[in-house]
Amino acid sequence: MLLINCPYCGERDQSEFSNGGEAHVARPKNPELVSDREWSEYVFIRANPKGIFYERWVHTHGCKKWFNAVRNTSTDEILKIYKLGEEPPTLKDFKNTPKTPSGEPKVGSGNFAVKKL
Amino acid sequence: MKKKYSFFSVLKNSLSYHENWKKMWRSPEPRKSYDIIIVGGGGHGLGTAYYLAKEHGLKNIAVIEKGWLGGGNTGRNTTIIRSNYLWDESAHLYEHSLKLWENLSTELNYNIMFSQRGVMNLAHNEHDKKEIKRRVSANKLNGIDSYWVDKNQIKKLVPIMNTDNLRYPVLGASFQPRGGVARHDAVAWSFAMRADEMGVDIIQNCEVKNIKTSKGKVEGVETSKGFIRSNRVGVAASGHTSILAETAGIRLPLQSKPLQALVSEPIKPVINTVVMSNAVHAYVSQSDKGELVIGAGTDGYNSFTQRGGYNIIEDTIRAIIELYPVFGKMKMLRQWGGIVDICPDASPIISKCDVKGLYFNCGWGTGGFKATPGSAHLFAYTIAKDEPHVINAPFNLNRFISGRLVDEHGAAAVAH
Amino acid sequence: MSALNNKSPYVIDDQKISFTFDGKKYFGFKGDTIASALLRNNIRLIGRSFKYHRPRGIYTCGIEEPNALVQIPSEYNDPNIRATVKQIYEGMVVESQNRWPSLKNDIGSINNLFSPLFSAGFYYKTFMGPKGFWKKVYEPLIRKTAGLGKPPKKFKSKSIHFYHNVDIVIVGAGLSGLLAAKKLVDTEHDVLLIEQDNFLGGILKNTKKIKTINGQKVNEWLKKTETLIKNSKNINVLKNTTVTTYNFSNHLVALEDKSVGNLQEKNKPELVLHKIRTKHAILANGHIERFISFRNNDLPGVMLAASFEKYIHRYGVIPDNSPVIFTNNSSTFSLVKSLIDLGCKPQAYVDAREKKQIEKKTLDLLDTHNIPAYIKSEIEGCDGKNKVEEVSVRAKKNNITKIKTSMLCVSGGLNPDIHLFTQSRGLIKWDSTQLVFKPNSSFQNTITLGSVSGNFSYKKTSEEVNKKLNFLEETKNLEVKLDINDFEKFNIKELWETKHAKKSLWSKSFADLQNDVTTRDLKQAVLEGFDRIEHLKRFTTNSMGTDQGKISSVNSLGIVSKILKKNISEVGTTIYRPPYTPVSFSAIAGRSTYKFYDPERKTPIHPWHVNNNAVFEDVGQWKRPWYFKKHDGETMYEAVQRESKQVRRTAGILDGTTLGKIEIKGKDALTFMNLVYTNDFSKTKPMSGKYALMLGEDGMVKDDGIVCKINDQHFIATTTTGGAMNVLSHMEEYAQTEWPNLNVYMNSVTEQFATFNISGPKSRIILSRVFSDIDFSNEKFPFMTFNKFNYLETEIRILRASFTGEIGYEVYVPPKYALALWEKIFYYSKDFDLVPYGTETMHLLRAEKGYIIVGQDTDGTVTPIDLNLNWMIGKNKKDFIGKRSLIRSDIVKENRKQLVGILPLNKSENIEEGQHIIESETLSTPIRKPVKMLGHITSSYYSPTLDHCVAMALIKEGRKLIGGKAFVSTPNLKTIPVQIVKPAFVDPKNEKLLS
């Protein structure tokens, strides 16, 4: 159960929020000038990394404000939350987190061996 | 078939204290190169290898699995099998699969316990009713056994269901008698066994780290056990598919999300069919052990932790208690999560891509198990012939560019 | 032998309680569990096993119980209840499970005879032929044998949820948990101490291992400590509460049983689910003893040694006066001591360890009291009918000695209870000295204390507590001196199973008691290649019972590691899946059930609808009148025909309050609206409305409604009822994330206005009477204009619009005035026969007119062009959401499905919604080959005005086919010949609408 620190309301349970997928995907300025392929990339394709993920959340059952977060999708740890328009942290800020950590243990499947940052 | 199973083989082995059973599959070390590499040792991947060997005569194949066979969504789903999909493309795909299911135990000589106890999809409002009736009509014309059943017929099939005294009363349902459930693990094991018998190398605990390409062609895969060469690679790694695709420079329209399920303590038989309700998010069947097997909804965010929000479990259990007041005293025994890869149109991808020799089988979202033999069969065809079968042709990657989607969830809007 | 009156001196409560087990009445004492009470009455046989229906008894004294599961008919037939946990109360009715006709004579036990066949994977290898037999014969039979308990009865729970936000949670109030709590007394940390049992103290009360603490008797120290904790300003204590789940972000879920030892009260919550957010979680939840597999290790009379000890000290019942004790580790010293202190003499002591490994204290005790000691020996097996009668001790290789006894106490070592720790995703490691899996590193803010850390000796408890908790602010070092009567240092010899003396098809050692998994099954599974522990579990069902293998799963790993000749840590463990113990569905659901399942939204006119025999339809959360029954016998069809006819003849009124209303304001409101809707509002005159379409970025119709422009900086948009929330979210998302530079704000005003749709030829005159100061003439109040008017002390808005094709008006009124105004409208329309109508009539009227309903005539795959709504697309606009998608290669093709009208050639025939349009007149049934479908009927109604059915359909290349013929299927696979027409059946030239 994620605990999300809404930059406007404070820490709240994940059930108050909705996720908006990848952050910083700009809508083409002149849609009519882009190709079908480029347009489909914008509409349908979003990053889906196992590891550091820049994403959007909205406090649906609260202030209804959108904001950005950086989360490790292999551990669900939220590493950073920042408002729209604020400079996103660079990947270097999270350099200890491999992009696709292979979390699963060598044997069995229990005890998901994820290293804490 | 080298290993033959029957009542007599069990009897014979019992006399030798069950000490002479043979290994179901070998555990070979990977060779330097293969004609075809399948990434992902779940039902889809193992099935693909099986059909490649059996129907296309290709034997120099490796299935590479990061963990253990069937340990991903194959072993984590609620095992529902049906083919009553709305669009022709989907209906043909899942019906193709259902037909293979019906003969799979015999074909593989391993009882995967396909139990055709029927699948019911409930309507809780007028809009549901219209949608379901439309789907039933389309199913019938596609030659699929699909019926509209009214409240009285539902009561007969599932006497414990509360149809009237609940917030969203049950108004009717679609029913597919040929639908049902199967023993998920056994599907992976038996495909593995028969593929192995035909010479397929099944390599567990070997993680594919990236797909190597050169000049638009596949060259092989880099694994935790070293580089393995192959100019044909099929990826069937569910939640992890898009990550592997990216290593080959392909961006797939997939998002990996948590999907949860749970089982109750085992009780004597009480519900004899599979009941699904999209409107209130509750899917339930009773296993042959007596546990209620319950599927919950998907979480809205991307995650690879195989864990979801507790609120999702709560919502599902609430719906279950609404529909089945006798389950108030039931107890949740285990809950778990899987990682489902979802396409924007809620339909799968079984397709070639811009890289020659690279094929994808992914995007099954919450519905991959029921497609296992069908998907594997068509994926094998696509890899063997380097072109899609007519059934999986619509499930190509290009549809997201051209706009010809197979939108299986579009019909969810609520009317005026 | 124990008897009710021959109890140990440790019993606390003398109150006698009666209950029944399988119809027979027994007595126990208050505080007894079902198990302790039955043991008090010398009952050993409690139930039957899952597969072989073998007789089973009480194996443990707590939540880890695999065998003694019972049904409680006095509590809605609650199944699979652990007899070792559930406390008795006066009049409780208990029944054994999985037996027929009786526990002693169970027909199912015939399975035991065929057990050599029922090996691992039996079902996978059999029942495959002949054809059809699986489906018709085998599978139904197999399914009948499923399950343990019988289904429960209908039950309405009162359970609730309780939320905590704390700094520290301590799980377990045994010695370490209490010391941790003591350390935190009166600090600024907000602490929650959670104990599974109904008292604090754990091991301090369940054993006599600790004599004094700081010189005080244990009970005195406990009392003082409890008072100290209770009086502390910062510590809350929850008893009878089990932490079941440890989620990410230090979110814990705990289940509190509110009716321990009592019948559940009807009007109070029987269970409370605590949902806890904490900064730190201290796990001090102890350990669980494990068993050893030997021949017939499942017979009633075999019990874990520490459980036996707990029955003595906790419940004051001695399960047996002279049991045989079988151990491979230090922990059984205290059992020997406890028995001797009570004047009981163990029949024999069997220890697998070398003599030098065994505690001197133990050897001395055995020696002093002349207890036969079998050193470096093991139990080969035990025998007896329905209970232990004799055990076989193997001293040297196959040198078997038989000893008559009725009870065998077993200890195979201790398992730190790491379930919660691994749920938190902490890492564990194998300790090859103590032979345990124990915590290695935490993933979250998790601290483990005491035996869950693998620290079995009490000597170092306070040292550990200090070391691990001193980082917490305000804590001081605790000085604790313990006088311990237990082993000094834990030692153990590796022993997971003992070999059978004789090989027999029928002899069994169990690896999992509840699921009847034998050690032979494990070996067979490994032979067949299931050497990964997850495979093994799934192939054999090992540790998949309701106890999740708490006393046995490590043993299975041990056995498998031996076969594979691997270190146990290389075999690994399976995932410990939440919950820790099974949790009632009712508790998980909490109060959001029954009438609180989902709120019912009602309009201000709802009471009037009820009084006027409205039949309601659920639309989202809203209750909307579907149709109004004029008299009891009137069918829906009749009502809808009557209502729609009357709207076209005179006038009708619909409660349209549920439609979403969104107010949009800001300097850039016009720019924004031009981006989110297909329409161009630039030239729209102030105070007029426009029918508007909203697309998703994929170009598909998402919603529609009327957008009213007050001026370029102020709009009010209506949405569909179900789409209201989505449309607002959609707008917010784009305003905030895509175009933050635009000055625009929006808010839902759905609840701030009730909306009445009045339409029909007489609607103008009716409204003129109601609002005598407003000029409703066509000149002053033309179609698609609106205005604000003063009404009483408030303001209302009236828009001239129509969804029926007749002259129509929408009146927006604050809810407070709504019902009175609604009644007023009826008062002024007496002469004009105003009819209230519901959603069904609305649907019919708009279909006659050819208006679409988003969600019925569209399904997320339909573009405006498909709907012939090109005229709604602002041609001069450079961009709007979805525009680019409309020119993708497959979207511009003419072969898409398009909206058309459908009329039956034979006017008396009725077309059903959802049916499909096909080319062929006949269908050969049963259908084996897919039939080509051109499209489907999206809407179909019997028009009373035209006296035949009118329908709309989405058909492939529909526009080209207009004027042509086709066929529509029926549910019975017949066909109806139809004509394809333009989708407008009434007033196609809008003469009535604009009049």
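Is Glu497(C) buried, exposed or partly exposed? Glu497(C) counts as partly exposed because its relative accessibility is 23%; buried means under 20% relative accessible area, exposed over 50%, and partly exposed in between, with a 1.4 Å probe and protein chains only.

This is a predicted model, in which local features need pLDDT of at least 70 and side-chain atom pairs count only at pLDDT 80 or more, while totals for chains, interfaces and linings use all residues. Residues are numbered from 1 along each chain as its sequence is written, chains are lettered from A and ligands numbered from 1 in the order in which they are written, and side-chain values use heavy atoms, with hydrogens and water left out.

Glu497(C) lies in the loop between β31 (482–484) and β32 (510–512) of chain C. Helices (H or I, at least four residues) and strands (E, at least two) are DSSP runs, numbered from the N terminus. Beyond its neighbours within four places in sequence, Glu497(C) has contacts (heavy atoms within 4.5 Å) that include Ile292(C), Thr519(C) and Lys523(C). The C-alpha atoms of Glu497(C) and Asn297(C) are 10.0 Å apart, although 200 residues separate the two along the chain.

Trp506(C) also has its place in the loop between β31 and β32 of chain C. With 46% relative accessibility, Trp506(C) counts as partly exposed.

Next come the salt bridges, each a side-chain nitrogen of Lys or Arg within 4 Å of a carboxyl oxygen of Asp or Glu. The structure holds 91 of them over all chains. In chain B, one joins the side chains of Glu197(B) and Lys3(B), at 3.7 Å from N to O. This pair links distant parts of the chain, 194 residues apart: Glu197(B) is in helix α6 (residues 184–197), and Lys3(B) is in the segment before α1 (7–15). Glu197(B) is buried, because its relative accessible area is 12%, and Lys3(B) is buried at 15%.

Another salt bridge is formed by Lys225(B) and Glu29(B), at 4.0 Å from N to O. Here Lys225(B) is partly exposed, with a relative accessible area of 35%, and Glu29(B) counts as exposed at 57%. Chain B also has a network of salt bridges linking Glu95(B), Lys99(B), Glu102(B), Asp145(B) and Arg178(B).

In chain C, Asp618(C) and Lys623(C) form a salt bridge whose closest N and O atoms are 2.8 Å apart. Asp618(C) counts as buried at 10% relative accessibility, and Lys623(C) counts as buried at 16%.
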